[in-house]
Every structure is written in C-alpha cells, then in structure tokens.
Amino acid sequence: MDTAPTRTPRPPVTPRTAAVWAVLSRELERHAGRELTVVDVGGGTGGFAVPLAEAGHRVTVVDASPDALAALTRRAADAGVADRVHAVQGDGDALAGLVAPGSVDLILCHAVLEVVDDPADVVAAVAAALRPGGAVSLLVAGRAAAVLGRAFNGHLDAASALLDDPDGRAGGRDTLRRRYAAETAEALLTEAGLTVEETRGVRVLADLLPAAVVEADPQAMLDLELALSVRPPFRDIAAQLHVFARRP
C-alpha cells in the first residue's frame, strides 16, 4: 500500500459525534503514516469523509442521493481535498457490486442498516470488501432510546408498538424500517465473520437535554457524553449505537 504522511483529523467535535470520532481517531493513529483506503456507505455530504480526506486518506462515498453527493463534492473542493474524495451514486444494498473484494482498510456504515432491504446482505458485503485486518464503523439507531423518546413525549401507544415490534418499528408510518439493541447490532457483524472490538452509545444525553444546558458548559457536556458512551446501562439508551469491528 502507498505510504504518506498523515495526521489525525480534527473535525468539529460535538457531543453528537465525539464518541464516534474517539474510536475513528484511535484507528487512524494505529495506522499512522499510512494512506488508508476508506469507503463511507451512505456518507451523504461528507461530515466524516472530508475530515478523513484532510487526514491524508482516500475516501469513496457511496450514497443514493445525487444532491448529497454534489454537496460532498463542493465541500471537498472547499477543503482542498477534492483529489482524495470520490463520489459514487448507489445505496447500501448495491455495495457488493460497487466495491472490490478485499480492497478497503476502513468502512463507515452509518445510518444505513435501518433503511436497507436486507441488513445481513449489506454487512456481508462490508466484510467481503475489507482487507484482512480492516475495520468497520457501524452506526445504527437504538431501539431503547426510541421507546423512551416516544413515552416521554406522551406517545405511549407508539412506544408500546415499538417495544413489541420484532424490528423496533413504531407502526406503518415510522420512517425507519428497524432499530437495534447493542446485542443485535453486534450479532450482525459477528455472523458475517467480523470480530467486535467495541460498542459505544452515541448521543446518550445530547438529544435529551435543553440546548441551554448543552451550551452552558460545552466541555463538561462533551466529557460526560464520552464517559457515558462506554458505560452500560447509559450506553444502551443512546439514540445511536456505534459498533466497531475488524476482519480477522
């Protein structure tokens, strides 16, 4: 693989993304000095892709939305990394036909498994695309947070429906097709032959507290969010669950 001086990305760290960046930054430090091949499935406008490219890595963003990819291209150009970011129109269900087997060092699959036709097929394609030793960053919607959120807002019927539904849906008008607990998300990766290294909660408090509280002491909020992200049961009621796994 080509080598090049790289640096750890310094994205805008907020309570909503800090837990994910803590894991990704550690992975980049593990490969310090190497140019990684990264695929961001459902990467949209490049919130993760552009900082990774700024860190010296080559990133392919696969997304179904042409508008999002156009915004990504502008964002990459503005950041001076247009040559490191490649946009591909497609969705998670088509990943196997878009990425060559055994060609990727790091795959981001964020907010994808909630909407695809067959999550197991997508995870299998992710596992196949990784090089031995390559890793996947999986981010999925949490079932527990959705139940509590609806209950707190007085929608008890929706909370009950979501709790009892096998896929974690709150009825036919739900915008997501499924939600996960930590165990179910981890099982998908394990069944695809990947080794789960860490699971964190993302947005444990960020979606629950008033903006005035979050903004009053940003560093204290960030520190608490990171601390809670790794501690069950707080981790398990987060809005999203971040599972990091590796291909043996």
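I started with glutamate 197. At 42% relative accessibility, glutamate 197 counts as partly exposed; buried means under 20% relative accessible area, exposed over 50%, and partly exposed lies in between, with a 1.4 Å probe and protein chains only. Its partner is arginine 246: the two form a salt bridge, with the closest N and O atoms 2.7 Å apart. For a salt bridge I required a side-chain nitrogen of Lys or Arg within 4 Å of a carboxyl oxygen of Asp or Glu. Arginine 246 sits in strand 7 (residues 240–246) and glutamate 197 in strand 6 (residues 195–202), so I noted a link between distant parts of the chain, 49 residues apart. Strands here are DSSP runs of E, at least two residues; helices are runs of H or I, at least four; both are numbered from the N terminus. Arginine 246 counts as buried because its relative accessibility is 7%.

A note on the source: this is a predicted model, where local features need pLDDT of at least 70 and side-chain atom pairs count only at pLDDT 80 or more, while totals for chains, interfaces and linings use all residues. Residues are numbered from 1 along each chain as its sequence is written, and side-chain values use heavy atoms, with hydrogens and water left out.

**Other salt bridges**

How many salt bridges does a search of the whole structure find? I got 13. One of them joins arginine 84 to glutamate 35, with the closest N and O atoms 3.1 Å apart. This pair also links distant parts of the chain, 49 residues apart. Arginine 84 is in the loop between helix 3 (66–78) and strand 3 (85–89), and glutamate 35 in the loop between helix 1 and strand 1. Both arginine 84 and glutamate 35 are buried.

Next I checked aspartate 236 and arginine 235. Their side chains meet in a salt bridge at 2.8 Å, N to O. Arginine 235 counts as buried, at 13% relative accessibility. I also logged a network: Arg16, Arg203 and Asp207 are joined by salt bridges that share partners.

**Backbone**

Arginine 203 came up again here. Its phi is positive, about 65 degrees, although the residue is not a glycine. Arginine 203 lies in the loop between strand 6 and helix 8 (211–216). At 17% relative accessibility, arginine 203 counts as buried.

Alanine 111 also has a positive phi, near 55 degrees, and is a residue other than glycine. I found alanine 111 in the loop between strand 4 (104–110) and helix 4 (119–129). Alanine 111 is partly exposed, with a relative accessible area of 44%.

Which peptide bond did I note as cis? The bond from proline 232 to proline 233 is, with omega near 5 degrees. Proline 233 is in the loop between helix 9 (218–229) and strand 7.

**Aromatic rings**

I searched the whole structure for aromatic pairs and found one. Tryptophan 21 and phenylalanine 48 are stacked, 5.0 Å centre to centre, with 25 degrees between the planes. Rings of Phe, Tyr and Trp (its six-membered ring) pair if their centres lie within 6.5 Å; planes under 30 degrees apart count as stacked, over 60 as edge-to-face and the rest as tilted. Tryptophan 21 is in helix 1 (residues 18–30) and phenylalanine 48 in the loop between strand 1 (37–41) and helix 2 (49–54), so the pair ties together parts 27 residues apart in sequence. Tryptophan 21 and phenylalanine 48 are both buried.

**Core**

The largest nonpolar core has 31 residues. Such a core is a set of buried Ala, Val, Leu, Ile, Met, Phe, Trp, Tyr and Cys residues joined through side-chain atoms within 4.5 Å. Ile107, Leu113, Val136 and Leu189 have the most contacts inside this core. The elements giving it two or more residues are strand 1, strand 4, helix 4, strand 5 (130–141), helix 7 (182–191) and strand 7. Helix 4 gives the largest share, six residues.

Last, I looked up leucine 241. Leucine 241 is in strand 7. Leucine 241 is buried, with a relative accessible area of 2%. Leucine 241 and alanine 144 are 97 residues apart in sequence and 10 Å apart in space, C-alpha to C-alpha.
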